[in-house]
Amino acid sequence: LSITAAHAQAKPEDVIKYRQGAYKVMGWNMGPMAGMVKGEIPYNKEAFARHAEIVAFVGKLTLEGFTPGTDKGDTRVKPEAFAKMDDFKSKMTKMNEETAKLAALAKTGSFDDIKKQFGATGGTCKACHDDYKSK
Ligand code: ASC
């Protein structure tokens, strides 16, 4: 993690906003991919690949938004995420791995394989939400 001195000084509420912004960007880009996978909107290879690339990149930014002191405030993160940081990190790493695979596959793979990998990716999002995000 590259927490700079400046970021170490950041107010908890600003850190929380930072990570929520990152998740917002991820959700914005997951939406159209989900729509294509479900057949609600036409599959567009270039658009899908771009969304997958953004999710993969931004997904690598979120972990630095869980600094000490950001367990409380305007956030739905459960205290368990901080208490079980090793597991939280490993779930986040898994998400990073699956989104990277999705981004690579989105450029070259068949839509069938892409759909499978989108499911695997969503599963890694859900795994963390189930344990560490309150409703
Ligand atoms: C999405 C999205 C999530 C995950 C999760 C997977 O498209 O916005 O948070 O997938 O719903 O179960």
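1. How are H2 and H6 oriented to each other? In this predicted model, helix H2 (residues 12–37) and helix H6 (residues 111–132) pack at an angle of about 130 degrees, and their axes lie 10 Å apart. Because angles over 145 degrees are needed to count as roughly antiparallel, H2 and H6 are oblique to each other. The crossing in which H2 passes H6 is left-handed.

2. The residues that join these two helices may be listed next. From H2, the contact with H6 involves Met30, Met33, Ala34, Met36 and Val37; from H6, the partners are Phe111, Lys115, Phe118 and Cys125. By class, the contact of H2 with H6 contains eight nonpolar residues, no polar residues and one charged residue.

3. H2 also packs against H3 (residues 45–59). The axes of H2 and H3 come within 9 Å and cross at roughly 150 degrees, so H2 and H3 are roughly antiparallel to each other. This crossing, too, is described as left-handed.

4. On the H2 side of the contact with H3 stand Ala22, Val25, Met26, Asn29, Met30, Pro32, Met33, Met36 and Val37. They meet Ala47, Phe48, His51, Ala52, Ile54, Val55, Val58 and Gly59 of H3. The contact of H2 with H3 has 14 nonpolar residues, three polar residues and no charged residues. Met30, Met33, Met36 and Val37 of H2 take part in the contact with H6 and also in the contact with H3.

5. H3 has a further partner in helix H5 (residues 85–108). Their axes come within 8 Å and cross at roughly 160 degrees, which makes H3 roughly antiparallel to H5. H3 passes H5 in a left-handed crossing.

6. In the contact of H3 with H5, H3 contributes Lys45, Phe48, Ala49, Ala52, Glu53, Val55, Ala56 and Gly59. H5 contributes Met95, Asn96, Thr99, Ala100, Leu102, Ala103, Ala106, Lys107 and Thr108. The residues of this contact divide into 10 nonpolar, four polar and three charged.

7. Which residues surround the ligand? They are Met30, Gly122, Cys125, Lys126 and His129. Taken alone, the ligand exposes 310 Å², of which the protein buries 56%. H6 supplies the largest share of the shell, with four residues. The shell comprises two nonpolar residues, two polar residues and one charged residue.

8. The ligand shell and the helix packing share residues. Met30 of H2 and Cys125 of H6 belong to the contact between those helices, and both Met30 and Cys125 are among the residues around the ligand.

Conventions
Residues numbered from 1 in each chain as written. Predicted model: local features only at pLDDT ≥ 70, side-chain atom pairs only at ≥ 80, totals over all residues. Heavy atoms only, no water. Axes fitted to C-alpha atoms, helices over the stretch in contact; angles between N-to-C directions. Parallel < 35°, antiparallel > 145°, perpendicular 65-115°, else oblique. Left-handed = near helix turned anticlockwise from the far one by under 90°. Contact = heavy atoms within 4.5 Å. Nonpolar A, V, L, I, M, F, W, Y, C, P; charged D, E, K, R; others polar. Near = heavy atom within 4 Å. Areas by Shrake-Rupley, 256 points an atom, 1.4 Å probe, with all protein chains shown as cover.
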